[in-house]
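Biologist: I would like to learn how to read a fold together with you. Could we start with the model itself?

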Amino acid sequence: MLVSTRGRYAIRIMLELSSHSKDDRVSLAELSRNQEISLKYAEAIVASLVKSGLLEGQRGKNGGYSLVKSPSEISIGEILKITEDSLAPVACMDCIPNNCPKKKKCRTLPMWENLGKMISDYLYGISLEDLMKGNIKSISE
């Protein structure tokens, strides 16, 4: 699994919004500027996060974006699932149920299934709050 810039930027945007109170809306221009993301790209990312129900937006003078849930209730897995469409390590696991014609004979499938579960469990086990508080440590530390 390779996380695209869209997924990485979505996490950065969500982290920035996590540092504000729910009532404090942040404009798209401010998010774009602070995260050094083009306005057009930030707009597309934010639109998908609003559509999925993770963000809410308000137009007008005091408009902007805010989180719908608290940072502790939003997992990194949720964000990446929205932006990446799939967390599967290989293409044949994108479909549920797996309809690969080689499924019954594939000796590598159990390995890919286990890896997919590890990736999913890990990413869904990390909240925005965990990242904000620095609760995730690098394995190189």
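Modeller: We will go through the overall layout, the hairpin, a helix crossing and the pockets. This is a predicted model, where local features need pLDDT of at least 70, side-chain atom pairs count only at pLDDT 80 or more, and totals for chains, interfaces and linings use all residues. Residues are numbered from 1 along each chain as its sequence is written, and side-chain values use heavy atoms, with hydrogens and water left out.

Biologist: How many helices and strands are there in the protein?

Modeller: Helices (H or I, at least four residues) and strands (E, at least two) are DSSP runs, numbered from the N terminus. Here there are 6 helices and 2 strands, and along the sequence they follow the pattern α-α-α-β-β-α-α-α. The C-alpha trace spans about 60 × 35 × 25 Å along its principal axes.

Biologist: Do tell me about the strands. Which way do β1 and β2 run, parallel or antiparallel?

Modeller: Two strands pair if DSSP finds at least two bridges between them. β1 and β2 are antiparallel and joined by 4 bridges. Leu-55 has Leu-67 of β2 as its bridge partner, while Gly-57 stands opposite Tyr-65. The two strands form a hairpin with 5 residues between them, and Gly-60 in the turn has a positive phi of about 105°.

Biologist: Now the helices. At what angle do α2 and α3 cross?

Modeller: Axes are lines fitted to C-alpha atoms, for helices over the stretch in contact, and angles run from 0 to 180 degrees between N-to-C directions. The axes of α2 (residues 28-35) and α3 (residues 39-51) come within 9 Å and cross at roughly 115°. With contact meaning heavy atoms within 4.5 Å, α2 brings Leu-28, Ala-29, Leu-31 and Ser-32, and α3 brings Leu-39, Ala-42, Glu-43 and Val-46.

Biologist: And how do I read a pocket?

Modeller: Rolling a probe the size of a water molecule over the atoms shows where empty space is left. On a 1 Å grid over the protein atoms alone, using a 1.4 Å probe, a pocket is an open set of points with protein on both sides within 12 Å along at least five of seven lines; lining residues have an atom within 4 Å of a point. The largest pocket holds about 300 Å³ of space. Its lining has 15 residues, with Leu-87, Ala-88, Met-93, Ile-96 and Gly-116 nearest the centre. Helix α5 (residues 109-124) gives the most to this lining, with 5 residues.

Biologist: Which residues line the second largest pocket?

Modeller: Gly-57, Gln-58, Arg-59, Gly-60, Gly-63, Gly-64 and Tyr-65 do. β1 (55-58) and β2 (64-67) each supply at least two residues of that lining.

How values were computed. Points joined across faces, edges and corners; volume = space filled by probe spheres on them.
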